[in-house]
Amino acid sequence: MSDSSPLPPVRLPAEAELARDALATPLLSRAAQLARWAGPDTRVDSGGSLVEEQLPAAAAELGLSDQEDGAAYASEAWHVAVDIGLVEVVDEEEGTVAVGEELAALTSAGPADVLGLWLGALDTVLADACVPDLDDLVDAMEEGGEIDFSELDWDPEAESEFLEGVLGNLYLLTVTEGGAGDGPVPLPALAASMIVPDDMGEPTDDVLEQVSDAMMRLDDQFRLLDPIGLVEFQPVDEALMADIDSEEAAAEPVDESDVSRYGMVRLTPLGLYGIRARMLEAGVDAPAVGDLADKGADVLLDSTSAFPESAAQAEIEQWLSRREPLDAARELLGAARGADEGAPLRRLRCQQALSLVGQEAEPALRDVLADPELGGLARVWLAEHGATDVPAPSEDLVFWLTVDTIAAQLSLEGNSDELQALVEGLAAQHSGFFAAAWRVEHPATPDVLEAMGRLHPDKKVAKEARKAAFKARSAQG
C-alpha cells in the first residue's frame with residue numbers, strides 16, 4: 001500500500017445500510033446487550049474487564065453458556081463495550097460501572113454515529129488480533145508481572161503493520177477491476193502476497209515455510225475479525241492443521257482443487273468501508289464511487305480518467321443523476337476542451353458521459369459543431385441519436401478526431417490488442433493515411449504516429465508511420 005497512486009474507487013452501500021450491518025454484527029450486538037445487562041452489582045477489575053466470577057452470568061445473558069468459549073466471547077464483547085463507551089467504569093477502586101453515554105447512540109443517533117462506534121470497535125479488535133496467544137504471554141511473564149517481549153519473538157509494531165498490509169492487499173484485490181471482486185480470496189494467496197517477492201520465480205522452501213507460518217497467523221486473526229463484520233472467513237480445515245505445520249507440507253504446492261480447505265476470506269461491504277476509513281485516516285487516496293457527484297465536470301473528467309471502465313461509468317451515472325441533461329451536457333463539453341496531455345482522455349470520458357444523456361442534450365451538441373476540438377464527437381453523438389441536418393465533417397476534422405481518439409486510448413490502455421486492431425484497420429482503410437496524418441494540428445500527433453509504427457505488425461507500414469511521426473515532430477518544432 002505504499003504506492004502513491006490512487007486506488008480504484010470502491011462501491012459502497014448507503015450509510016444507513018452499512019449502519020444496519022454494523023448493528024447486526026455479533027460482536028457489537030453482544031457488546032450492546034452486555035451494556036444493557038450491566039447493573040449496580042456488576043464488578044470489573046483494575047483494567048475494566050469483568051471479574052472472572054461474573055463471566056458465566058455474562059455468557060448466559062448472551063446465550064453462550066453451552067459453548068466452550070462462551071466466557072471468552074462474553075469477555076471480548078465486554079472489552080469492546082468499555083472501549084467504545086457503551087459502559088463506563090465509575091469507580092476503579094470499587095470496580096463499579098454504569099451505562100455509558102454512547103449506548104443510546106446505537107438506537108437514537110444517525111448512521112454516521114453508529115458507524116463511528118463500529119470503527120472504534122474495529123480498532124479494538126484489530127489491536128487484540130495482533131496480540132500473541134495468552135499461553136505465550138504467560139510463558140513470557142517475569143516475576144514482577146512484566147512481559148519479556150524478547151522471549152515472545154514478537155514486535156507489536158511489525159505485527160500491526162503486517163495485518164494492515166494484508167488487509168490493504170485484500171482491499172486492493174477486491175476493488176481492482178479483474179480482481180477478486182465479491183468473491184473470496186484463498187488464504188495461501190493472501191499470505192504469499194505479503195511474503196513472496198514480486199520478482200521471485202519459484203519460491204524457495206524457506207519462503208514457502210514463511211507463507212505457511214503467515215497463513216496460520218492469519219487464520220487466528222481472521223477468526224477474531226469475522227465477528228466484528230470486517231470479513232467473512234472460512235477457516236483452515238482443522239484436519240489440515242498438522243500438515244500445514246509440517247516441513248513436508250510447506251515444501252509442497254497447494255492443491256488447486258483443495259484450496260478452500262486452506263482458508264478463504266472476503267471483505268464484507270462493511271469491511272470495505274472500515275478499511276477505506278482507516279486508509280483515509282492514514283492519508284491514503286482511497287476514493288469511493290459517488291465522491292465526485294457534487295464536483296464540477298472538470299473534476300469528474302480528470303478524476304475518472306484514471307478509473308477502470310466500470311468504475312468510471314458508475315461515477316458518471318451518479319454525477320448525471322444530480323443534473324438536468326442539457327445543463328450537464330454543456331458543462332461536460334466545456335470541461336472537455338484543452339490541448340494538454342490529459343485532454344484526449346477527458347474527451348473520451350466526455351463521450352462516455354454524453355452517451356448516457358438523452359435527446360434533451362441535443363442543443364448543447366449542436367452548439368459545438370463548429371468547435372475544432374468538440375465538433376467531431378458532437379457529430380458522432382448526433383448521428384447515434386438519429387439527428388438530422390448534421391453537416392458532414394471535413395477531412396481535417398476526421399483526421400483530428402482519429403488522432404485524438406488514439407491518443408486517449410494510448411493513455412487509457414497503452415499498447416493493447418484492441419488498439420493494435422484499430423491501428424491496422426486505419427492503415428488498411430486509408431492508403432494515404434500517414435501522408436495526411438502527420439499534418440494534423442494536434443499536440444499528440446507525433447506520439448500517436450510513433451505508437452502506430454510500434455504497434456503495426458507490417459514492417460513497411462510501421463516504417464511509414466515512423467517517418468510520418470518524424471515529419472510531425474519537425475513540423476511542430
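## Exercises on a predicted model

In the protein, residues 24 or more positions apart account for 66% of the contacts with a separation of 6 or more. The model is predicted, and the exercises below go from the whole chain to a single residue.

**Exercise 1.** Describe the overall make-up of the protein in terms of helices, strands and buried residues.

*Solution.* Begin with the secondary structure, where the protein has 25 helices and five strands. Then turn to burial: of the 477 residues in the protein, 43% are buried. Finally consider the accessible surface, which comes to about 24,300 Å², with 48% of that area belonging to carbon and sulfur atoms.

**Exercise 2.** Work out the strand order of the open sheet of three strands, and find which strands lie at its edges.

*Solution.* The order is β3-β5-β4, and the pairing is antiparallel. The edge strands are β3 (185-186) and β4 (231-234), since each of them pairs on one side only. Looking at one pairing in detail, β3 joins strand β5 (residues 264-267) in the antiparallel sense over two bridges, and here Pro186 stands opposite Met264 in β5.

**Exercise 3.** Determine whether Thr304 is buried or exposed, and describe its surroundings.

*Solution.* First locate the residue: Thr304 lies in helix α15, which spans residues 297-304. Its relative accessible area is 0%, and because buried means under 20%, Thr304 counts as buried. Next follow the side chain of Thr304, which reaches the backbone oxygen of Leu300 at 2.7 Å. Last, leaving aside residues up to four places away in sequence, Thr304 touches Leu292, Ala312, Glu315 and Arg349.

Methods: Residues are numbered from 1 along each chain as its sequence is written. This is a predicted model: local features need pLDDT of at least 70, side-chain atom pairs count only at pLDDT 80 or more; totals for chains, interfaces and linings use all residues. Side-chain values use heavy atoms; hydrogens and water are left out. Helices (H or I, at least four residues) and strands (E, at least two) are DSSP runs, numbered from the N terminus. Buried means under 20% relative accessible area, exposed over 50%, partly exposed in between (1.4 Å probe, protein chains only). Contact means heavy atoms within 4.5 Å. Accessible areas come from the Shrake-Rupley method with a 1.4 Å probe; for residues, only the protein chains shown count as cover. Two strands pair if DSSP finds at least two bridges between them. A polar contact is a pair of N or O atoms within 3.5 Å; within protein, one must be able to donate a hydrogen and the other to accept it, and residues adjacent in sequence count only if both atoms are side-chain atoms.
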